[in-house]
Amino acid sequence: MSEALLITAIWLPFIGFLFNGLFSLKKEPISQKAVILFGVGSVLLSFIIFVILTISENAIIMSKTGLGAHFFTWIDVGHLKSDFAYKLDGLSVFMAWIVTGIGMLIHIYSTGYMEEEKPHFARFFAYLNLFIFAMLHLVLGDSLPLLFLGWEGVGLCSYLLIGFDYDKDFAAEAGKKAFITNRIGDAGFLIGMFLLFQHTGTLNYDIMNKFFSENSLDTSLLNLIAICLFIGAMGKSAQFPLYVWLPDAMAGPTPVSALIHAATMVTAGVFMIARLAPVFLGAPEASTFIAFVGGFTALLSALIALTQTDIKKVLAYSTVSQLGYMFMAMGVGAYGAGLFHLMTHAFFKALLFLGSGAVIIALHHEQDMRRMGGLYKHIKLVAILFWIAAIAISGIPGLSGFFSKDMILEMAFTYKYGGSILFLMGFLTAILTSFYIFRLIFLTFHTSGDAVKKMKEAIHHHHDEHGHGHGHHETLHPLRWNILGPLVILGVLSVFGGYVGLPHVITHQTPGIVQYFDKVLAVPPTELSKSWHNHIDGGLAYSLMFGSILVAFIGLLFAWFRYEKQNNIPSEDSKKRSFFVNLSFNKFFVDEIYEIFLLKPIKKLAVFSYKVIDDKIIDAFVDALGKNTLKIGSVFRKMQTGITAHYAFYIAAGTLLLTVIIYGGIK
Amino acid sequence: MEWYESEIIWVLIKILLLFFVIITGAGYYTLMERKGAGYFQLRYGPNRAGIFGIFQPLADGIKFLLKQETLPKNVDIYLFLAAPAISVITAVLLWSSIPFTPLIKLPVEVLGKSEVNLQVLNPNSGLLFLFAISSLSVYGILLAGWSSNNKYSLLGAVRSTAQMISYELSLSLSIIGVILMTGHLDIYRIVEAQSKYGWFLLTIPGFLSFFIFIVSVFAETNRLPFDLAEAESELIVGYHTEYGAFKFALFMVAEYINLITISFLTALLFFGGWNVPFFLREMLEGLWWGPLVGVLFFVVKGLFFAFLFIWVRWSLPRFRYDQLMNIGWKYLLPLAIFQIFLSGIYLYIK
Amino acid sequence: MIISEIPMSYVLILTLLIFSIGIVGVLTRKNIIVIFMSVELMLNSVNLLFVGYARMWKNLEGEMAVFFVMAVAAAEAAVGLALVISIFRTFHTVDITKIREMKG
Amino acid sequence: MENIKEILFFLFAFIMTGSSVGVIMHKNPVKSALFLVVFFVSLASMFGLLGSEFLAVLQVLVYVGAIMVLFLFVIMLIAVRDENFENIGSRFGKTMVVSLLITAFLIQMTALVSVHFKNKIDTSAGYERTIDASANIKITGHAENISFQLFEKYLLPFEVISLVLLVGVIGAVVIAKKNRRKLE
């Protein structure tokens, strides 16, 4: 029964996808109510089923193997056996809640956000449903191939949704960029998977865990596998150097940015590491590498976020930065902290994105912060929620972000192998985070500027640029309950979500969430990574905590001083900037460096392949093959006498000869 | 071992007996036909040799034997001579599996046997055997026509063959009803079954089956109204144009033998064979010569059908060739198939 | 009645003999109809083999095979002869050495 | 009289071999067809001798009664012309060569197969099998038994074969029919 329920929950979004996908092919858009019924209803139902399952099958789910459900046999070749079989255990139920829960909220939000996109309404929900379906496969599959299937599925949905406005060049380009960048990561992931299969002989988690509990692989081999898999995670979870697609992905509709590019899909890498804990915990060098990559990414993207003017871009870089935190946590072996941050981040980042979406929609698709300001007066609720989210992300105590971030910083600080550097990077990032997020808030909601007035001016002055065909807007676009409702829920979650992981210094015991993950993961990460950490006493922990609280307030104050007090609105794009600001504004020229050092040589290689290898060598070879076949054929065609008796003779002779060969060999 | 204990000797005796009956029967059938034709046309028919022309067949036979044998030029001699032989052989062979009497339980052991019946061999799929042999008779006609090296002969032969093949289908399908109702291919058992169920003619599918059977039989034996193979006004006399003297006599004999066979077969299949009417049945119960009375009935039925052929011949005109083919393929064949279904339904209801 | 048994090898040899005669007919004759008849020879030699083995193993499988071969042969003869007629109508000959449309 | 079955077997075997040689050697296709008829009749007799009376009857009914008449029909329609007759004499050498080759192959094959099976089959179980016709004629020769097989075990093939026959009939009609539109 519960197996059937589990399968139903996973395949429900697929039904929604089929319904919406098929009807989106119609010329005439179908009724939005039907789309909502299937699109939102399926996800809602799926979420409810997960809730029921979690309550009713709690004991089974919390065991090591979890609740298994076999749907049908997929691949059965040689030793490789992979089925559509699902596994609902402590880790996946955690992810399933986030995916379906936040997914459901964002679905509801989308009904308001996409209201005006009448012709594409069904298509949008079809993609969203497909995404949920794929994401559920990613987190609930009981083997790596199924995870990879989901992995590619969410990649596809991400591509489709980024390029949702496919008639706009930048959206289509961004989609392609996301897709191709992810392919690089996938290659690494695949290689890691192959290596894993080669050496363990299975890709099923349960069997693999059993294997690791009984045998142990060479550490260097595990390092190799872990790094290959991490390359996959780099692509999917936007880590340096493959993070470049995520900021561009903001071309997609804002709910998509919230759901896919903040809350769920980009955390797949973190999930994967947790899933394959036996591999990563057995590879200390690779883990160090992961931690440093995470730390560096966090710092770099926080730096970039400082000067961005597009509201969504800021949030995008913030996401990359927070993901960096998560990987830092995973790298230092603090799986509980990483997953904790994953959850809190899902809440407050989704809230930030949805809030920014609300702002954008209220301003009729205006995304540039320089044209905002003073919105506090007009949309108070959104502003308050934004403040909550900002406090959460910046690490001001009491809200969710504080607990998780503090836990990560503490774990990084105690890390034996370069922990101080990691801590420094994290600490710096924390200041920057606090600064850029309050900068965003002041620029958007406060300052003396009036967004509404600016909007009117913009319409008059840049009619053809920003007109969007919406006509003249004199007032803000109204925000209805289906936009505000999810915001409120996420706000509540952002406030209280952190209390599952009260730090050690307060409760004098291991944080609840860490305990939880030590219990449900295949191997308890805290125990296994104990040797990676120095001991920390209470006093130092307190001072670390105060330090991070302090920097959060510093960031807040600095932002307030610069933007509220001095009313320092960022300059236009064309204006000259100081060197460092310029560096940050232009994203450290990473894209340009890639262009010069990677893309150009590759393009040249492609041209070379086409002009020389393909034209001169391969084509020539194929042509020669054809011509020579003709020549040989003209010799052998003489065998075709057209006299049937000859053919019959060949057949008879051949048969007799074959008989002699078959029976003649036996003595 | 005494001579009479050998099965083979008995078979030989039966063969000789039947052969005598066949030849005499065929001869007197010609007489019957001629006399019948005479009376149909209000004339006397042969009446010179003996009283009522009773020795006429003998005289005819002597005449045919004494005539000069001629072989036309440019004929294929072997086939030309083989053709009438094949006709007669197949005709005679048909008699081998027809049971003329039921098993007669003799009151005393005569020559080491206490049960006899007049049937040379009883293959276990008798009716099928009969049809297999009769299908061979096509060759006599075909070879006669082809070997004569004569256009009329060939045309007659081709026509005749086409006609025979066409009607053989409805003929074989028509008896499936009877076979279904009996559950056997054995003619003996078919007759026995009719003592239980009554004549097959009197059942619904049996009547339809009889109708198809009798029409097909007329066509099979090339009798009027389907005698297009001979059609003297169009093809001289068809496939045996070039034949004279005893060779011609053989064709004639074969034709009349076939007619007799068919007459008796009809009696066996549809009219209860040697079964006696119910009021006689009790009377004859237990008498050893009782079956012989049944044989008497059987012979009378057979002679009636023999007469039927003459009757029809002198009463109906000939069809056109296309009409013949139309009847065969478009009416009789579908009807025969329908008859099979009908038999099935009939049996199911019963 | 005198009963004696026929060795299977006799049947086997007879079958082989007729089958090879059939092959020779197919290979050496020009007349398409004669070739066709030679094929029938081969088919029937195999039928004989089937019956022989059916008898030898005392079951009906072999006979069923013959039954089906006969049915297929009937269909094949009908279609084959129709083709012969159609060939004759097109090429005005039944000599297969003169029909060389497929010559390379 | 002791070996009457064997004598009959050799008689039929002789007729069959002779008539099949006649089929492939006679220059006149009509004669070839007639030889084939003889072959079929003796084959039917052989079936009867081996104990398959039903098949014997069927053989005559199907092959002799239907298929060969069709052959003769077609031959008489189109192919009986003296100029079409092959000169068998001129092809005698070729025929002999092919025959010899095939005979050689067959002898070799037979030898190999017999060697093959001698090794495979336990000779103590009786390698030299014989056909006991009358012992089980009651079991297998009857139409009844065959029909039970046909309508129970082989029902699907039976239905398929009826379909094949139907297709054959229609196909033959379509192929042989003159294309009247073209002629006009």
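The following legends describe close-up views of a predicted model.

The model is predicted, and local features need pLDDT of at least 70, side-chain atom pairs count only at pLDDT 80 or more, and totals for chains, interfaces and linings use all residues. Residues are numbered from 1 along each chain as its sequence is written, while chains are lettered from A and ligands numbered from 1 in the order in which they are written.

**View 1. The side of chain C that touches chain D.** In this interface, 60 residues of chain C are in contact with 70 residues of chain D (contact: C-beta atoms, placed from the backbone, within 7 Å). Two or more residues each come from strand E1 (6–7), helix H1 (8–28), helix H2 (32–57) and helix H3 (61–91) of chain C; helices (H or I, at least four residues) and strands (E, at least two) are DSSP runs, numbered from the N terminus. The most, 20 residues, is given by H3(C). By class, this side of chain C holds 43 nonpolar, ten polar and seven charged residues (nonpolar: Ala, Val, Leu, Ile, Met, Phe, Trp, Tyr, Cys and Pro; charged: Asp, Glu, Lys and Arg; polar: the others, Gly among them).

**View 2. Helices H11 and H16 of chain A.** The axes of H11(A) (residues 254–263) and H16(A) (residues 335–362) come within 9 Å and cross at roughly 165°; axes are lines fitted to C-alpha atoms, for helices over the stretch in contact, and angles run from 0 to 180 degrees between N-to-C directions. H11(A) is therefore roughly antiparallel to H16(A) (angles over 145 degrees). Residues making the contact include Ala258(A) and Ala262(A) of H11(A), and Phe353(A) and Gly357(A) of H16(A). The contact has nine nonpolar, four polar and one charged residues.

**View 3. Helix H18 of chain A.** H18(A) (residues 400–414) has 15 residues and reaches 22 Å from its first C-alpha to its last, close to the 21 Å expected at 1.5 Å a residue (expected span: 1.5 Å times one less than the number of residues). Because 14 of its 15 residues are buried, H18(A) is largely enclosed by the rest of the structure (buried: 20 or more other C-beta atoms within 10 Å of the residue's own, placed from the backbone; exposed: 12 or fewer; partly exposed: in between).

**View 4. Helix H9 of chain A.** H9(A) (residues 219–236) is mostly covered, with 14 of its 18 residues buried. Ala238(A), which follows H9(A), has a positive phi near 55°.

**View 5. Gln41 of chain B.** Gln41(B) lies in the loop between helix H1 (7–40) and helix H2 (56–66) of chain B. Gln41(B) counts as exposed, with 10 C-beta neighbours inside 10 Å. The C-alpha atoms of Gln41(B) and Trp314(B) are separated by 8.5 Å, although these residues are 273 residues apart along the chain.

Note on methods. Contact = placed C-beta atoms within 7 Å. Parallel < 35°, antiparallel > 145°, perpendicular 65-115°, else oblique.
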